[in-house]
Amino acid sequence: MKYRCVECGHKLERLYIQYSPGNIRLAKCPNCMSTADEYIECELMILMIDLILHKPKAYRHLLFNLLHHKILEINPLLLISSLIFFVLDACKLWILNGNSQEWSILSLGISIFGHAIVGNLVFLCSFFVFSKSLEFVEGLSSYKEILLAILASCYLKVYMLAMLVWDFPSSAVYITDLFVMSSNLVALMVITKSSFTRCVGVCIGAHALKFFVHWVLQDL
């Protein structure tokens with residue numbers, strides 16, 4: 001399985017040359033002549049900042065050079081990521097509906113978690129259906145990589161936990177959703193050859209269906 005240059009996405013056999021323990025030299029990309037992956041020597045905080053800034057090279061490092069090479073662990077990774085994804089989305093619905101006086105805490109919690117599962121299943125299925133119009137790069141033979149890219153690019157949902165502790169206006173939830181959608185867009189563009197317009201259509205369509213399902217379920 002090949003690595004990728006974080007600057008241009010060119011396939012590489014290796015990202016660095018190790019001469020001795022602790023003595024390595026980062027490889028150069030033969031296509032763009034840049035350092036293949038500068039994040040190897042960077043602190044995790046630098047990667048997180050670049051992910052928040054939506055830098056494509058940070059997403060290439062995360063999706064191709066880090067997560068994609070843990071192929072033997074990808075099934076449990078997908079399971080754990082999916083559970084966290086559902087829980088964080090349930091937290092979002094709890095923030096938006098937690099003040100309802102028509103339900104007990106237990107029944108409200110069960111209802112919200114059920115709505116989160118249904119809404120996100122619709123979201124993921126619609127994402128996969130819409131993604132059929134995209135031209136995948138070589139090596140992505142299944143939708144596991146698409147799923148992993150979606151889940152990994154939803155890291156900003158972790159702010160929902162902070163909103164459960166401190167008082168935030170409900171508008172903060174929708175602002176976070178916009179950041180998550182833009183992060184999904186960058187991740188989708190990184191792992192495909194598709195144009196910006198097509199990727200925007202996929203992301204907006206999937207998120208719009210998810211919002212519609214939550215709105216319908218809320219009125220039931």
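Helices α2 and α5 are oblique to each other, a term applied to angles that are not under 35 degrees (roughly parallel), not over 145 (roughly antiparallel) and not from 65 to 115 (roughly perpendicular). The two helices pack at an angle of about 130 degrees, and their axes lie 11 Å apart. Axes here are lines fitted to C-alpha atoms, for helices over the stretch in contact, and angles run from 0 to 180 degrees between N-to-C directions. The crossing of α2 past α5 is right-handed; a crossing is right-handed if the near helix is turned clockwise from the far one by less than a right angle, and left-handed if anticlockwise. On the α2 side the contact is made by Leu-62, Leu-63 and Leu-67, and on the α5 side by Leu-148, Ala-149 and Ala-152. Contact means heavy atoms within 4.5 Å. By class, the contact of α2 with α5 comprises six nonpolar residues, with no polar and no charged ones. In this classification Ala, Val, Leu, Ile, Met, Phe, Trp, Tyr, Cys and Pro count as nonpolar, Asp, Glu, Lys and Arg as charged, and the others, Gly among them, as polar.

The model is a predicted one, in which local features need pLDDT of at least 70 and side-chain atom pairs count only at pLDDT 80 or more, whereas totals for chains, interfaces and linings use all residues. Residues are numbered from 1 along each chain as its sequence is written, and side-chain values use heavy atoms, with hydrogens and water left out.

The secondary structure of the protein consists of eight helices and four strands. Helices (H or I, at least four residues) and strands (E, at least two) are DSSP runs, numbered from the N terminus. Read from the N terminus, the order of elements is β-β-β-β-α-α-α-α-α-α-α-α. The protein has 220 residues, of which 42% count as buried. Buried denotes a relative accessible area under 20%, exposed one over 50%, and partly exposed a value in between (1.4 Å probe, protein chains only). The accessible surface comes to about 12,400 Å², and carbon and sulfur atoms contribute 65% of this area. Accessible areas come from the Shrake-Rupley method with a 1.4 Å probe; for residues, only the protein chains shown count as cover. Among contacts in the protein with a separation of 6 or more, 62% join residues 24 or more positions apart.

Two packed helices are described by the angle between their axes and the distance between the axes. For helix α1 (residues 44-52) and helix α2 (residues 56-67), the axes come within 8 Å and cross at roughly 120 degrees. This angle makes α1 oblique to α2. The crossing of α1 past α2 is left-handed. Leu-47, Asp-50 and Leu-51 of α1 meet Ala-58, Tyr-59, His-61 and Leu-62 of α2. The residues of this contact divide into five nonpolar, one polar and one charged.

His-54 is located in the loop between α1 and α2. This residue is not a glycine, yet has a positive phi of about 65 degrees. His-54 counts as buried because its relative accessibility is 18%. A positive phi of about 65 degrees is also found at Met-33, which is likewise not a glycine. Met-33 occurs in the loop between β4 (23-26) and α1, and its relative accessible area of 58% makes Met-33 exposed.

Ser-153 occupies the loop between α5 (144-152) and α6 (159-165). With a relative accessible area of 2%, Ser-153 is buried. Apart from its neighbours within four places in sequence, Ser-153 contacts Tyr-59, Val-180, Ser-183, Asn-184 and Ala-187. Ser-153 and Val-186 are 33 residues apart in sequence, and their C-alpha atoms are 8.4 Å apart in space.

Leu-188 belongs to helix α7 (residues 171-191) and counts as buried at 3% relative accessibility. When neighbours within four places in sequence are set aside, Leu-188 is in contact with Phe-127, Leu-134, Ile-146, Cys-199, Val-202 and Cys-203. The C-alpha atoms of Leu-188 and Leu-134 are separated by 9.5 Å, although the two residues are 54 residues apart along the chain.

Lys-92 lies in helix α3 (residues 74-97). At 6% relative accessibility, this lysine counts as buried. Not counting residues up to four places away in sequence, Lys-92 touches Met-160, Val-173, Asp-177, Lys-210 and His-214.
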